[in-house]
Amino acid sequence: MPSSTFREPPQLPVAFTQTPSSLLDDTKKAIATSRATLDDLVKIPPSEATFANFVLPWIHDRNTRMKTSSLTTLFKSVSPSEELRDAAVECVKVWAEFSQEVVARPEIYVLFQAVKDKGEALDREDQYYLDRKLSQLVRSGAALPEGPVKERFQIVTKRIDDIEAEGGKRIRQENGGIWFTADELDGFPRDALEGLKRGEGEDDGKYKVTFGTVDLDLAFKNCVKAETRKRMFFGNENKCLENVPLFQEMIELRAEHAELLGYKSHADLVIQNRLMTMDGVTSLLADLQQKTAPASKSSRDMLRKLKREHLLSRGITETDIDDRLFLWDQLFYMRLVEEQENELDQNKIAEFFPLQEVVDGLLKNFETLFGVVFIEILEDARKSLMEKQGHGVSAMTWHEDVAVYAVWNEEALGGDFLGYLYLDVLKRQGKRDHACCITFQPGFDTIEGGRQYPSALLVMSVQQPTPAKPTLVRHRSVTTMFHELGHAIHCLVGRTRYAETYGTKTSRDFVEIPSRMLENFCWDPIILQNLSKHYSHLSPGYMASWKAEHPTEPEPSEKAPFDLLQKLCASRKVTLAPLTQRQIAFAKFDMAIHSVSSEEAKAMNAGETYNRIRSECTSLLGPEIEVGDFGWGSGHSRFSHMFGGYDAGYYTYVIASVYSSDLYRSRFAKDPMNGEEGRRYRKLVLGRGGSRAEMELLEEYLGRKPNGDAFAKAIGG
């Protein structure tokens, strides 16, 4: 378990005392300070501009700005206060407007170009920063001459920023669901059922299943009645209909935005200075679609056979059986395959993974791999750290459920402080439902020569505990936790000088590779067994509750049986190809809507395109067989990644699957917890953040270019 010996860090943590008005005030003050700094910088004649007198002060200003702006991402995602979440969204818009104000100043681009033209002898990190910043400025419109084109560009950019903020806010704050009777929820796990909201009035006796990821996953995997799953699927697809016109306007404006800069499409603009090229992305998706096809077809054939057997067992006559596989069928019958073919029951397996035991185990794994130490900051230490800032202990976090850790290097690596890790993992109203990692304080070297240490937050939304059981984490959530903590580690062990290149501040199509690599560890039975501890062994009370629920069964083992975990890990073969095709479908949709001209975008029906591509990629059926076309739903309008920075970039999840498999199979598969290899990976890949071309990092670490051989083998290709 992580260390409990507290040491006071050299940097105090953020005190969470912000109000809606103070957050807006802090944003305005930070912008005013930055504006004044830039006003001074642009007075430098281009002939006298150097990296030292222009670029470095610019960088230090960016470092300071990001300390304030990064907090808004946290508040809009997890604050219990709706007013503070709304204020954070407004702050995001204000920051976006200021960013456009900065790049609209022609002097900025001229000065950066002047420094570049001087050809000063810079170290590798500084040269890379200068080259990338110039490219970013060009793609942000800074090189556009004054006139109507630039004026239109600024109008379009502001509107896109507003749409992204509003669309994302609607998705985060959506809290709909469907009321079902207990009979309609046949198969829904009993402990989860007890945690659902109970109906009153006309919904008396019913349970509300929300469209949150936890409830959706439980419904799709466990509800026996197809009609229940279908209603949940259709409801979820259409839960953000108010985003439909915004989405359409957004793709049209993005296309126009790219054309104003001289690019063919939004994707052509965005996929610059990345691992992949436009042609490379298209080729990658087509190649993977082909390679996953045989295994996916085999999986569908198996699921259709099982569906027929299942329906027959429920008394459906042979002539009435429809064994076609629908979008709301796949996860349910995948679970049945696990149970019947592999003798796996995910609900039973989850009993071996209580939340706190999983958290402690995962952090211990990271300590072993990467040479770090996590020290949880408990009540007395929290009180001391907040008193030093003149606040009460409650200011340590934004909610009582949040855990905080001080993160240090192990003594062999110097024992120095790395930053803070926050965990906000329990479900609650108003909180972001989708798992993520938020770096809400960047890391960088200060202008005084000191160090600003980063703060990273893991966000999840798992079920709250009940009196009879602690929160139990299903294997999928264990994998997600490992993935998102990987982003946090990427942030915490960063050792670049600037906030804009620190940790996960890499190119978009690289950022998921390190975390996706870590998911592989969750398919190792030895690692899983070390993480496991049946919840009944946590306390006499839990043991009594378990025995009352299972009066005829023998007492469970403390650790998950190894043969059970071997079967669980072997089951990945059944799901990997079809679930990869699902990711390919999302990536192809993303490229389809962002690879068109502005005129083509106006003629596009995004909802029809979304449903058609998903059907083509997965061969799963939807309501189109009833209505005769693909215009039946608007699932694209809830696609948060399209509003949140992954536009023309969702393919990163696909390339992450490919390259992360290569990293794991080449360096970790034989000995996953090899600390020497983990520290080498930390030094050569994670620690360098976005300070150099990411392909160079991979090639230096692997000793060659990454390839898809390991992934092809994993899917049976």
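Modeller: A residue counts as buried when its relative accessible area is under 20%. Please keep in mind that this is a predicted model.

Biologist: Thanks! With that rule in hand, what makes α15 count as mostly covered?

Modeller: The tally of its residues does: 12 of the 16 in α15 are buried. Among them are L355, V358, V359, L362, L363, F366, L369 and F370. D360, N365 and E367 are buried as well.

Biologist: How do you know that the length of α15 agrees with what a helix should span?

Modeller: The expected span is 1.5 Å times one less than the number of residues. For the 16 residues of α15 that gives 22 Å, and the end C-alpha atoms are 22 Å apart, so the two agree. After the helix comes G371, with a positive phi near 70 degrees.

Biologist: What does α15 lie across?

Modeller: Helix α15, residues 355–370, lies across β4, β5, β6 and β10, and runs at about 150 degrees to β4.

Biologist: Let's turn to the sheet, then. In what order do its strands come, and how is the pairing described?

Modeller: The order is β4-β5-β6-β10-β7, an open sheet of 5 strands with mixed pairing. From one strand to the next, the twist averages 25 degrees.

Biologist: Why are β4 and β7 said to stand at the edges?

Modeller: Each of them has a single partner strand, so one side of β4 (372–376) and one side of β7 (436–441) are left without a neighbour in the sheet.

Biologist: How do you know that β5 and β6 are paired?

Modeller: Two strands pair if there are at least two bridges between them. Here 6 bridges join β5 (residues 403–409) to β6 (residues 417–426), and the two run antiparallel. Y405 stands opposite L421 in β6.

Biologist: I always ask about cysteines. How many disulfides are there?

Modeller: The count comes to 0. A pair of sulfur atoms would have to be within 2.5 Å. For C240, the closest cysteine sulfur is that of C436, at 17 Å, which is too far for a bond. The sulfur of C436 is 7.2 Å from its closest one, in C437, and that too is too far for a bond.

Biologist: Is C436 buried or exposed?

Modeller: Buried, because its relative accessibility is 10% and the limit is under 20%. C240 is buried too, at 0%.

Biologist: Why is α22 described as largely enclosed by the rest of the structure?

Modeller: Because 18 of its 23 residues are buried. Helix α22 covers residues 572–594 and reaches 32 Å from first to last C-alpha, close to the expected 33 Å.

Biologist: And what makes α10 oblique to α22?

Modeller: Their axes cross at roughly 60 degrees and come within 9 Å. Where they meet, F247, I251 and R254 in α10 face F589, I593 and H594 in α22 as contacts.

Methods. Residues numbered from 1 in each chain as written. Predicted model: local features only at pLDDT ≥ 70, side-chain atom pairs only at ≥ 80, totals over all residues. Heavy atoms only, no water. Helix = DSSP H or I, 4+ residues; strand = E, 2+ residues; numbered from the N terminus. Axes fitted to C-alpha atoms, helices over the stretch in contact; angles between N-to-C directions. Contact = heavy atoms within 4.5 Å. Buried < 20%, exposed > 50% of the residue type's maximum accessible area, 1.4 Å probe, protein only.
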